[in-house]
Amino acid sequence: MTSAVAVKGKELEVDEEGYLVNLGDWNEDVANVMAAEDTLTLTENHWEVINFLRDYYAEYQVAPAIRVLTKAIGKKLGPEKGNSKYLYELFPYGPAKQACRYAGLPKPTGCI
Amino acid sequence: MAKTDFEVPALRDYLRTPDLRPGAMAKSAPFKAAPRHQQALGFPEALVPDWERVAVAKLGDLLGKYRSLRVHLDSCVKCGACTDKCHYFLGTGDPKNMPVARQDLLRSVYRRHFTLAGKLFPRLVGARDLDAALLDEWYGYFHQCSQCRRCSVFCPYGIDTAEISMAAREILDEIGVGQKYCNEIIAKVHAIGNNLGLPGPALANTLEGLEEDVKEATGVDVRFPLDVEGAEVLLIPPSADFFAEPHIDGLIGYAKVFHQAGVRWTLSSYASEAANFAMFIGNYAQMRKVALRIRQAAIDLKVKRIVVGECGHAWRVAYGFWNTLAGPFDFLDPRYPVPQHIVEFTYDLIRRGALKLDKEANDHMKVTFHDSCNVARATRMGDLPGGQFVLPRALIKASCNHYFDMAPDTIGEKTFCCGGGGGLLTDELIELRVKGALPRVQALHEVRQEHGVTHMAAICAICKSQFTKVLPYYGIPMDSVVSVHQLVGNAIRLGTSS
């Protein structure tokens, strides 16, 4: 079962949980549209997370562990922001799942 | 916390048996497996044309294989002892979540096809044909059972609803109606080696980061070795220990214990997963395939011992099934338990005085402990009856000054499930998960009120993730969940042997 997200007049296929089916369909507009659907406006700090996720995924074919992510964000945005509490402020549905969806990555699976 | 479109149950002075709400959870069902998830496990990609016949034949096959299943289906006398024991019933009030009603979804079809009375007078004995409506109920309500087996503790015949729900799910897979969450994950284990789909290089990168973190925090070089041939111990943790919080703090705790014990240990990139979701779908062949990866890794790395991390159902599979599933493990050192739980490993060191633990390190916490269902009701630890209850508490008490148990009818063998076990830890089931957690959260609420408890320790990756997600719905912070080995890791005095 799949549906679609409309980005600038183009219908992009997403799965039942709203994750892009074809990772190559992603562009920055996709993240903005998905965030708008969750009544969220992406700030520079959101983009730091999204860009880190995409870079990490490109290298390792998987999303980073929460600790890897918080450490990287702490280095970029300052130690007071290098914790999962801050990431939950940015992405209230959970940094791993919500941020991955905006970044066009598959949903992390497992006991998480 | 995310917004909710359902009512979160209220915490009260005590847990009440709910008013009946027929059909309250009739719409709850997890996403179905896509053709590619089914195909990866060799299951039909979609509902097969003559599915009713195939389903009944599969039930017959299972009855022939598992004598226990027939006993469970035959012996219920409708006494009602189980009716108010299931956390999903207590949280939702849906009468179909009474264990007896859940069993009857399969029992009615069993009676129709495998008993004389059911063949001749179906209506008199509650026998039913399997039609499309009943099939939907199977899918919905057999995915509202976390296979925790609390009901079976109270059943005078010991009827095991988990075994019935596993059989039902196996039949569903056989006719092409699989569950996405479980089947996608099992396929990832076959392809990559863990539930997360974490490939070797990502695992190595994560472990390097942990070595840096521990060095920074303690000044000590604690190693997280990967694929080291000839190590003494192969550690098999749930892969959530590499990824999620507070799981990863538990992994740091294991590493500190091994460091301090001076034992050469290793993780395996080939078998980097203790969890075995094939148990949740009742499929022996899949369960065997997952278990054999671990055997293979142990042989390839030439280890002498296998130690299992904090994962509830993994310990059930390892303790109860490994020997016949993937054994014999005669290549391991017979002087140690095969397999051994990390809690047993650490307990032995504490008992021998080989670990120095500063309890003050955890003085900012008042701790309680959640017994995980599979550990509590399907396994043992150590060499004493009830060791699975004693040993984890012994570790916590050796690491903390402030420990308080929850109410006696909610712990030990009567423990309540976290609400996310048995392959139900998936976002689309969030209403079920939140409501099913009610009995446990109520007991936690009581010790928070009475003793000022701040943290709940757990020894299962599913429990930890489930609580982290659902506690905030009840107004309890997500970071009040901790790993048992996180507490040990906080307290352990590194590098001072004298």
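1. Strand S3 of chain B (residues 305–308) is covered on both faces: B:Arg305 and B:Val307 on one side, and B:Ile306 and B:Val308 on the other, are all buried. A residue counts as buried if 20 or more other C-beta atoms, placed from the backbone, lie within 10 Å of its own. Strands are DSSP runs (E) of at least two residues and helices are runs (H or I) of at least four, numbered from the N terminus.

2. The model is predicted; local features need pLDDT of at least 70, side-chain atom pairs count only at pLDDT 80 or more, and totals for chains, interfaces and linings use all residues. Residues are numbered from 1 along each chain as its sequence is written, while chains are lettered from A and ligands numbered from 1 in the order in which they are written.

3. S3(B) runs parallel to strand S1 of chain B (residues 233–236), to which four bridges join it; strands pair if DSSP finds at least two bridges between them. Within this pairing, B:Ile236 stands opposite B:Val308.

4. S3(B) is also parallel to strand S4 of chain B (residues 340–341), with two bridges joining them. Here B:Val307 stands opposite B:Gln340.

5. Together with helix H15 of chain B (residues 312–326), S3(B) and S4(B) make a right-handed β-α-β unit: with the strands pointing away from the viewer, the path from the first strand over the helix to the second runs clockwise.

6. The domain assignment of chain B gives domain 1 (44–177) and domain 2 (186–491), with bounds from an automatic or database assignment. The centres of these domains, taken over C-alpha atoms, are separated by 31 Å.

Key
A residue is buried if 20 or more other C-beta atoms lie within 10 Å of its own, exposed if 12 or fewer, and partly exposed in between; C-beta atoms are placed from the backbone.
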